[in-house]
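Here are a few exercises to work through with the model open in your viewer. Try each task before you read its solution.

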Amino acid sequence: MNERLRAWIEVDLGALVRNGAAMGARAGVPILPMVKADGYGLGAVAVARALDRLSPWGYGVATVEEGVELRAAGIDRPMLVFTPILEADIADTRDARLTPVLGSGAMIAAWAAATGNADWHLAIDTGMARSGVQWDEIGPLRDVLRAAPPAGACTHFHSADRDDDTDTQQLRRFASALDALPARPPILHAENSAAIERLERPSAWTFVRPGVFLYGVASRVAPAGGPRQRPVLVSEPVVSLHARIAELRTIGAGETVSYGGTHTARAPARIATVPVGYGDGYRRAFGNVGAALVRRHRVPVVGMVTMDMTLLDVTGIACEIGDIVTLLGRAAATVPVTEPTTVPPEPRPVVDLVGAARDAGLSPYEVLTGLRVRLPRVYVDDAHWVDSRP
Ligand SMILES: *Cc1c(COP(=O)(O)O)cnc(C)c1O
């Protein structure tokens with residue numbers, strides 16, 4: 001570890017790949033990892049290179065620029081662009097051999113005219129009301145679709161992490177839209193992470209589109225069905241936010257901490273300053289709510305998180321300036337694993353990202369994708385630990 005790093009994100013590529021394998025095993029079909037938003041903030045190129053070990057069907061990005069970045073890094077598999085492109089993007093999309101996901105007649109016609117109908121997928125809106133042709137409005141598009149048939153079609157669930165039946169309704173709408181097409185496209189896809197977690201049998205579609213689960217966030221659907229419910233899938237933590245203690249001070253009883261004086265020491269307290277704040281993506285909402293690991297002890301974040309510094313109450317803990325503190329994820333590894341082994345690495349205490357986000361009233365998606373400003377990323381790969389579970 002670079003002694004000079006003030007604060008950094010550690011990305012465990014081994015855990016990422018195991019999470020991807022778990023998604024594929026549950027789905028029973030290939031995966032198309034979603035690596036949009038720079039791989040949910042972890043670095044799209046590193047993430048895609050690591051996941052390539054799983055021979056994914058392709059990758060999913062949001063924007064043309066994201067796809068171009070991956071192509072430039074030598075990622076050669078099919079690459080779907082899910083956010084609707086504009087006419088001005090067509091040339092770059094085609095030149096980078098990206099596959100746009102389209103949902104308007106005008107755009108489909110423009111793409112087909114400009115590219116000789118190069119591969120594209122039809123987005124079908126079955127209730128998300130965000131992008132795609134509405135499921136019951138295929139009729140007016142039939143002529144365009146007959147002239148320029150899509151290579152694939154897809155839909156997206158809006159509440160796959162909930163135990164309601166909206167996914168069943170969306171699938172019914174998807175099926176009726178597919179029936180209304182002039183021809184059924186050979187490639188079909190629908191499930192995101194939460195929908196894959198819920199699968200009771202192999203996916204009915206060509207591939208699945210896991211995102212957040214790969215990066216350590218499971219939706220943990222409470223078992224709703226009967227005894228035949230499959231076990232809940234656990235996503236291994238992938239991302240950790242570490243920083244070093246930069247200063248230590250003792251404050252007296254009655255003294256307050258940080259902006260606004262929102263925390264008051266009831267007794268003399270030892271306060272550690274860690275040089276990471278909301279300017280690094282460690283969100284303000286963690287003030288007086290979050291926790292950190294210091295020498296394997298869990299300690300509270302006290303006072304407001306500031307732009308560049310966060311304060312911890314480390315009273316009673318023998319820590320020093322320079323010690324590594326973990327604000328999210330797994331405590332830093334102490335013993336590197338170098339030999340292939342089936343023995344899991346020593347369990348390390350965790351600040352669970354999902355729980356921390358929930359306690360702070362944040363979405364884990366936002367916390368992940370926000371951890372990108374000013375923080376260097378350190379990639380570790382404990383792939384030497386081979387998960388030998390069946
Ligand atoms: C982001 C996204 C996904 C992945 O969603 P997760 O909830 O992160 O698994 C899948 N499909 C589409 C169209 C998306 O935009």
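**Exercise 1: the domain interface**

Task: find how many residue pairs are in polar contact between domain 1 and domain 2.

Solution. Step one, the count: six residue pairs, both partners at pLDDT 80 or more, are in polar contact between domain 1 and domain 2 (N or O atoms within 3.5 Å; within protein, one must be able to donate a hydrogen and the other to accept it, and residues adjacent in sequence count only if both atoms are side-chain atoms). Step two, the elements: on the side of domain 1 that touches domain 2, helix H1 (13-27) and helix H2 (36-40) supply at least two residues each, and H1 gives the most, with four (helices are DSSP runs of H or I, at least four residues; strands are E runs of at least two; both are numbered from the N terminus). Step three, the make-up: that side has 10 nonpolar, three polar and five charged residues, with Gly counted as polar and Tyr, Cys and Pro among the nonpolar ones.

A word on the ground rules: this is a predicted model, where local features need pLDDT of at least 70, side-chain atom pairs need 80 or more, and totals for chains, interfaces and linings use all residues. Numbering starts from 1 along each chain as its sequence is written, and side-chain values use heavy atoms, leaving out hydrogens and water.

**Exercise 2: area and salt bridges**

Task: work out what area domain 1 and domain 2 bury between them.

Solution. Start with the bounds: domain 1 covers 12-222 and domain 2 covers 239-389, as set by an automatic or database domain assignment. Next, 18 residues of domain 1 contact 19 of domain 2 (heavy atoms within 4.5 Å). The buried area is about 1600 Å², 56% of it on carbon and sulfur atoms; that is accessible area (1.4 Å probe) lost on putting the two parts together, summed over both. Finally, two salt bridges cross this interface (a Lys or Arg side-chain nitrogen within 4 Å of an Asp or Glu carboxyl oxygen).

**Exercise 3: the ligand**

Solution. Then check the polar atoms: a side-chain one of tyrosine 40 sits 2.5 Å from a ligand oxygen, while a side-chain one of arginine 209 is 2.8 Å from a ligand nitrogen. Last, a polar backbone atom of glycine 211 lies 3.0 Å from a ligand oxygen.
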